[in-house]
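This note sets out several points for a reader meeting the structure for the first time. Please read them with the model in view.

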Amino acid sequence: MADDLQRCVLVTGGAGFIGSHVVRHFIRRYPHYRIINYDKLTYAGSLSNLADVQDAPNYSFVHGDICDLDTLRFLLRERGINAIIHLAAESHVDRSIQTPLLFAHTNVIGTLSLLQAACECWDGQWEGKRFLHVSTDEVYGSLKPGDSPFNETTAYSPHSPYSASKASSDHFVKAYHDTYGLPVVLTNCSNNYGPYQFPEKLIPLSICNICNNRPIPIYGNGQNVRDWLYVEDHACAIDEVFHRGRDGASYNIGGVNEWKNIDLVKLLIRLVDEQLGRPIGSSERLITYVADRAGHDIRYAIDAGKIQRELGWKPRRSFESGLRDTVKWYLEHTEWVQEVTHGVYEPYDVEKYNRS
Ligand code: NAD
Ligand code: DAU
């Protein structure tokens, strides 16, 4: 898909963590595109995440729900939308254990509504159209230490209500391609980190708790492994797949950067202690082992060879520099943390939902 076309791109979930980086990336890199951010503004979405670009001439915001098919149909027709980058979702695994129906509704019915609206409004005129679905590596299930990383042919085996809902939405995206010919591409990415991540996820939660001398909850024995990628690298990968990915294909995206949770938290402690001028490592006393997440996947790791071979993408940011900047960002944006965590947001209840 050429990048010199007049594109009108609907980005769903653009007020969330990854979505806000995608919106910012596209606004700046493609000033001749119109970027419409469509977001329900749940507890996880905030327009503050885009304060620096909100007045850009090629940007607009529409407050709406991806499950609202009538509004989607109207918007696609009225604005002449010819591409969709779909990120809107309930994204936090712990919450999916607490409220699985909400995850099925948003992630499955929401994606299906968007596919249906695109199919009806584009009505077989597929030339120059594209639907990119942003998904997760969690659809592949869990690896044991020593297993090969997930590639695009790994069978789906989701374990949590979150990953089951994302797997289901992936299947619907592929079904709309195979059945109706809708031009789709999919991405399955590993764990992201960086500025504007809601402080319920491991990295920002740990940074905030270290700063405030609060306990850092480590689920189970802390040996679970995640593969971490800087969020701006993910936005660049989405750009590549959006413009040059093969119709109907999936692309795995990852950092080739596996960390055990406990080692990552100890590294964060060193970085925060250093930036706050505390004795390095003194905050390790805050580490608190708690009951394990139910169905906790042991290890995720991505083989990102396909996107590197076909599209030339690879992560640019080193983990050390990305993590250092992330820590600095959270220490300098305590007002943002206050703003997004007060109000409708209710902290996850570890005691009630995790398993001993
Ligand atoms: P997030 O929770 O930070 O943001 C989700 C956004 O979606 C919020 O702005 C929220 O208001 C919006 N939203 C929720 N329900 C909606 C609805 N019904 N209608 C419209 N908007 C709605 O999520 P994130 O971490 O930025 O993840 C974005 C996408 O990327 C998700 O699809 C997620 O599955 C996927 N993903 C995330 C990661 C990660 O590490 N965070 C990794 C791989 C894939
Ligand atoms: O792999 C991609 C996925 O990464 C995305 O699809 C999800 O949207 C995103 O939330 C993330 O899921 P995880 O469950 O891996 O991320 P989280 O930050 O919640 O947890 C990371 C690891 O840390 C996981 O093994 C659970 C553990 N953990 C998490 C929290 C919040 C703790 O030990 N303590 C905690 O307080």
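1. Helix 1 passes helix 7 in a right-handed crossing (the near helix is turned clockwise from the far one by less than a right angle). The model is predicted: local features need pLDDT of at least 70 and side-chain atom pairs count only at pLDDT 80 or more, while totals for chains, interfaces and linings use all residues. Residues are numbered from 1 along each chain as its sequence is written, chains are lettered from A and ligands numbered from 1 in the order written, and side-chain values use heavy atoms, without hydrogens and water.

2. The axes of helix 1 and helix 7 come within 9 Å and cross at roughly 60°; axes are lines fitted to C-alpha atoms over the stretch in contact, with angles from 0 to 180 degrees between N-to-C directions. Helices are DSSP runs of H or I with at least four residues, numbered from the N terminus.

3. From helix 1, Phe17, Ile18, His21, Val22, His25, Phe26 and Arg29 take part in the contact, and their partners in helix 7 include Val231, Glu232, Ala235 and Phe242 (contact means heavy atoms within 4.5 Å). The residues of this contact divide into nine nonpolar, four polar and three charged; Ala, Val, Leu, Ile, Met, Phe, Trp, Tyr, Cys and Pro count as nonpolar, Asp, Glu, Lys and Arg as charged, and the others as polar.

4. Helix 1 also gives the most to the lining of the second largest pocket, with four residues. Helix 7 (231-244) and helix 10 (319-332) each supply at least two. A pocket is an open set of points on a 1 Å grid, with protein on both sides within 12 Å along at least five of seven lines, and lining residues have an atom within 4 Å of a point. The volume of this pocket is about 230 Å³. Among its lining residues are His21, His25, Glu232, Ala235 and Trp329, and by class the lining has five nonpolar, two polar and five charged residues.

5. Helix 10 also meets helix 6 (residues 202-211): their axes come within 10 Å and cross at roughly 55°. That makes helix 6 oblique to helix 10. The contact is made by Ile203, Pro204, Ile207, Cys208 and Cys211 of helix 6 and Leu323, Thr326, Val327, Tyr330 and Leu331 of helix 10. By class, it has nine nonpolar, one polar and no charged residues.

Technical notes: 1 Å grid on protein atoms, 1.4 Å probe; cavity = no way out; pocket = protein on both sides within 12 Å on 5 of 7 lines; lining within 4 Å. Points joined across faces, edges and corners; volume = space filled by probe spheres on them. Parallel < 35°, antiparallel > 145°, perpendicular 65-115°, else oblique.
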